[in-house]
Each structure stands twice: as C-alpha cells, then as structure tokens.
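Here are a few quick notes on this one, for when you have it open. Have a look first, then read on.

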Amino acid sequence: MAIKNLLALVVLLGVVGVSVAAPKGLDLNYYKHRCPDAEATVRRVTIQYVSRQPSLAAALLRMHFHDCFVRGCDGSILLKSPNKDAERDAVPNLSLRGYEVVDAAKSALEKKCPGVVSCADVLSLVARDAVLVINGPWWPVPLGRRDGRISKQSEVNLPSPFAGIAALKKNFFDKGLNTKDLVVLSGGHTIGISNCGLINSRIYNFTGKGDFDPSMNPSYVRTLKKRCKPTDFKTSVEMDPGSVKKFDSHYFNIVAQKKGLFTSDSTLLDDPETKSYIDNQVSTAGSSFNKDFSDSMLKLGFVQILTGNKGEIRRKCAFVN
C-alpha cells in the first residue's frame, strides 16, 4: 500500500467513525480538543521510521505487547532505571527495539501540546500505525491511558516461548484475554524474527539426550540446524519462514506443518480451540485473520489501564516526572 493510500484509509476511517465499547476513561476522541492533531502527529513520525526500516513494525508490536503484559498498558516498558532494574532490563526485553520511534513521536507531541498525551497512548498508536505501514490490519485505539510510575525488572513475567498451552492460556486469562486472543495474537509472529539461542535446545538437546523436539517437523529441524550451530546464540531466525516481511496468515500454515519456531507456537496444536482456529485459517487462506487480529489488539490495549487521576502524563517517556 502506498503511503498516500495509507493516509487516505486512515482519514476515511476517521470520517466514517468506528463504534467501540471502550473501558471508562478511554475515548476515540479523547484528545480532540486538547491536542487535535495527536494521532496524525504520531502517524507521521511512525511512517517516517517504519517506511525506512519495515522490520520496526514487528519490534514495535512486540514492545506494546510486552508493555501490556506487565502492569498493563501503562508505558512502564519505556522507563529507564539508573540501577538497570526496570522492565526493559529484564532478559526477555533486552532484545526490544524501536524506543526511538516512541521518543520521536512523544517529542513531536510535546512541541504541539506539552503535557497532554501519555507515553502509554503514544506506544499504543505507534504499534498500530507501524503494522499498518507494512500493509497489516488497522484497529481503533481509544485513548486516555495514563503513564505508570513503577517499572520493575522483577515483575516481568511474560508468556514464555518455552511454555505449553496450559501455561499460555493462564497467562492470557490473567489479563482478561481468552483462548481465541491467544491464538490470534500469536499470529503476530508472522512478521517476527528471533535468534538461535532460543531454539537450540529444541533442535539439538531437547531431553538431554542429543535429540530434537518430536513435535517439530524433522525436515524443518534439518533446515534450522544448517542455520544454527550448537554454540550459536545470535544468528537471526524467521518466525514465519518465507513470509516474514508480509503481515498475513501464513504463520498458521507454518504451525500446521509443525514448523512453529517456539514451543509456544507448536503447542497451539495441542488445544482443540486453538487448533481449530489454525485449521480454519489454513483452509480459508486467512479469511478472518485481519479482523480477528484487530479485535484482539483492541482488547489487548485495554489491559489494566490507568485512567483518571491514576499515574501521570510523562514529559519524557524514559523518566517519571
């Protein structure tokens, strides 16, 4: 999609209007009077960055997810700590990138309407707009989140790539998300990359006997071994081989072929509801995936939000006021 067509689509959606049942305190028109160009400003900055470096779309989507799963969507992932003990310092977050996009968007907003738009809202918008730049789905983002003031490395308990289906379902249920949200949001791996360090045990020494995970397609294991040597922990690996640059339903085809990169991907075949969803996306060429993803992302953005007098509006996203 050309950038001008992207902008036209967003303008059209704004004119048509979208009906969304948002939690109390959030509103699609939250900044209409106090910062009327807030969304357009964030969109402009996001397009500038992601159009030059499309891989940032996956990175920013992941950052938003990691933020929402720890203390809710409060921008706490963005905070820095002089003691290196904030959320961003936890091992699962060390590979996060794209902070500069959020900071640039926030900086642009501070020039237009200082102290008005929260970093939590900026991150929510940046994630949405980044996915849209690479031709992914659009979803409405009701605004009005406030920024958290607490960010602790010790509280980072994200859904693990090594987790089975029961643990993953509990992770999601604890955040008010259901089994369908789990499988749908896993589809975000269609544009993600990881590294050999997270999969070497699956392909070289799964049970400590020099074997590979039997839930994996043997031909896929052979392919991965060519890319990842036993002591290689840094080489990148695509989560959706063959379609990593395109936001589509191809990820579900990969999982159905037992080529899910992580245990958390493969285990989606172990639950009747998640397997049924995967089979349906494969058989219908992802006919409902974009809408489903939009719906689940909308729900994700509501997780444990701060509104009203809670939290604050940070002047700089990396530091509390």
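What percentage of the 321 residues in the protein chain is buried?

1. Buried residues come to 51% of the 321 in the protein chain, where buried means under 20% relative accessible area, exposed over 50% and partly exposed in between (1.4 Å probe, protein chains only).

2. Before going further: this is a predicted model, so local features need pLDDT of at least 70 and side-chain atom pairs count only at pLDDT 80 or more, while totals for chains, interfaces and linings use all residues. Residues are numbered from 1 along each chain as its sequence is written, and side-chain values use heavy atoms, with hydrogens and water left out.

3. The protein chain has 13 helices and 2 strands; these are DSSP runs (helices H or I, at least four residues; strands E, at least two), numbered from the N terminus. Its C-alpha trace spans about 60 × 45 × 35 Å along the principal axes.

4. Now for His-66: UniProt, in an unreviewed entry, puts the feature "active site" there. Positions follow the numbering used here, feature names are shortened, and annotations may be inferred rather than shown by experiment.

5. His-66 sits in helix H3 (residues 56-68) and is buried, at 9% relative accessible area. Leaving out residues up to four places away in sequence, His-66 touches Pro-92, Asn-93, Leu-96 and Leu-158; contact means heavy atoms within 4.5 Å.

6. Among contacts in the protein chain between residues at least 6 apart in sequence, 75% link residues at least 24 apart.
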